[in-house]
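Open the model in your viewer and keep the selection panel at hand. The tour goes stop by stop: select, look, move on.

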Amino acid sequence: MGNLFWIFISAMVVNNFTLAYFLGLCPFMGVSGRIYTALRMGAANVFVLTVASICAWFLNTFILPYAPYLKLISFILVIASAVQITEMTIKKLSPALFRALGIYLPLITTNCAILFMAWSQANRGYSFAEGLFFAWGAGAGLTVALVLMASIREDLEYVEIPAIARGNAIVFIIAGILSLAFMGFAGLLSS
Amino acid sequence: MPRKTTAAQDFRRGIWRENPVFIQMLGLCPALAVSNTVLNSLAMGLATFFVLFCSSVLVATFKKLIPAEVRISTYILIIATFVTVADMTLEAVVPEIHKALGAFIALIVVNCIILGRQEAFASKNTVPRAMIDAVGTGIGFIIAMLMMGTIREILGYGTFLGFPLFGGNYEPWIIFILPPGGFFTIGFILLGLNWWERRKLERARSGEPPVGVAVGRAA
């Protein structure tokens, strides 16, 4: 159990997917304007990460030992199908949620965090449970980074920003400062 | 959709005026994650260039055979195949660089630059034009990677391609090779580009009315 806890904490804060590995930067830049959308995006990511983790574990255990060169191709196919199935399921079960998520749902396919999670889960030889906690930690980390950035950007609207820093420049510099803060967690794992 | 651009415009466009990283804000993950040294940046740039070029040629060749409904999945499969080739080649030829780049080689598959060029250009144009466009965009990406890599290696290690630049008294800014340095470097490059654009606008203001600043718009 302790091992699973540390896999979760490691993926969530110490090696935060967005702020330490630069994964999922497109939604991080694009959807971090409002806390509300940031939370929804985070939740959608957690869901797809969970599905992808389970599928990647099955592929990696039962199929890939016979055809290792198919790893990348099969992972990306599984992720694309998982996103598609998620989309169809949500549309059927809860049309309201489907409308709320909008374009962000299909775009998760090209979110590199999902592929990275599946890839490193396979490379590190995680068991089924370990992979699941890794996926949840990664999802929690993405959500934390998105919500933190969204709350800063909501307040940023009332601040006078120098003309040359408007747009993405200021967001990157804030992301750098956030990333600096998250480096403080680096000592957590060596104990 | 007939295009009005010439081949030379297709080539130049991707290099600077529509630079994939700094202007279009695409492919940010590799541009930030593996740009901590010049050598890593170059390897990443070349690998992406290779995948982009081969995928563009293949997509432009088979554009009539790919059904519109499954075109994105087809592009992804084509890209994934070439990424697998690049991954295995790098592992065999330069194992150290392959290790340093790690999972980010696999992540070329989800690099929006490549998929974006297939969807926006290669699937609508002839093979030679797709090649020219891929070369221009690929060079633009390599330039962006090298800018990031040069700044980060010089400040973070005090070296360029491994050669010391400042002698023994230089205290390296470790922060620039760590994750925050990536964010700060691209942030300051964007600040510089915005400043440059604004200065050009100020100078042109005497004549015609200024157009909006396009640098750093959201992806």
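Start at Ile143(B). Ile143(B) is partly exposed, because 18 other C-beta atoms lie within 10 Å. The scale is this: a residue is buried if 20 or more other C-beta atoms lie within 10 Å of its own, exposed if 12 or fewer, and partly exposed in between, with C-beta atoms placed from the backbone. Ile143(B) belongs to helix H7 (residues 127-157) of chain B. Helices (H or I, at least four residues) and strands (E, at least two) are DSSP runs, numbered from the N terminus.

Some ground rules before the next stop. This is a predicted model, in which local features need pLDDT of at least 70, side-chain atom pairs count only at pLDDT 80 or more, and totals for chains, interfaces and linings use all residues. Residues are numbered from 1 along each chain as its sequence is written, while chains are lettered from A and ligands numbered from 1 in the order in which they are written.

**Thr6(B)**

Select Thr6(B), in the segment before helix H1 (7-15) of chain B. Is Thr6(B) buried or exposed? Thr6(B) counts as exposed, because it has 11 C-beta neighbours inside 10 Å. The C-alpha atoms of Thr6(B) and Arg129(B) are separated by 9.2 Å, and the two residues are 123 apart along the chain.

**Chain B as a whole**

Zoom out. Chain B has 8 helices and 2 strands. Along the sequence they run α-α-α-α-α-α-α-β-β-α. The C-alpha trace spans about 60 × 60 × 25 Å along its principal axes. Of the 219 residues in chain B, 43% are buried.

**Two helices in chain B**

Select H3 (residues 38-61) and H4 of chain B. Their axes come within 9 Å and cross at roughly 140°. Axes are lines fitted to C-alpha atoms, for helices over the stretch in contact, and angles run from 0 to 180 degrees between N-to-C directions. Show the side chains at the crossing. On H3(B), the residues that meet H4(B) include Ala47(B), Phe50(B) and Val51(B). On H4(B), those that meet H3(B) include Tyr75(B), Ile78(B) and Phe82(B). Contact is a C-beta rule: two residues are in contact if these atoms, placed from the backbone, lie within 7 Å. By class, this contact has 13 nonpolar, 1 polar and no charged residues. Ala, Val, Leu, Ile, Met, Phe, Trp, Tyr, Cys and Pro count as nonpolar, Asp, Glu, Lys and Arg as charged, and the others, Gly among them, as polar.

Keep H4(B) and hide H3(B). Among the buried residues of H4(B) are Ile76(B), Ala80(B), Asp87(B) and Leu90(B). What covers the buried residues of H4(B)? The cover includes H4 of chain A, together with H3, helix H5 (95-101) and H6 of chain B.

**The chain contact**

Show both chains. The contact takes 36 residues from chain B and 33 residues from chain A. On the chain B side, helix H2 (28-33), helix H4 (71-93), helix H6 (112-120) and helix H8 (179-204) each supply at least two residues. H8(B) gives the largest share of that side, 12 residues. By class, the chain B side has 27 nonpolar, 7 polar and 2 charged residues.

**Chain A**

Move to chain A, with 9 helices and 0 strands. Its C-alpha trace spans about 60 × 45 × 30 Å along the principal axes. Buried residues are 47% of the 191 in chain A. Select H4(A): among its buried residues are Lys71(A), Phe75(A), Ala82(A) and Thr86(A).

**Two loops to finish**

Most residues other than glycine have a negative phi. Select Phe22(A), which has a positive phi of about 60° although it is not a glycine. Phe22(A) is in the loop between helix H1 (2-14) and helix H2 (25-30) of chain A. Phe22(A) is buried, because 27 other C-beta atoms lie within 10 Å.

Last, select Met25(B), in the loop between H1 and H2 of chain B. Met25(B) also has a positive phi of about 60° without being a glycine. Met25(B) is buried, with 24 other C-beta atoms within 10 Å.
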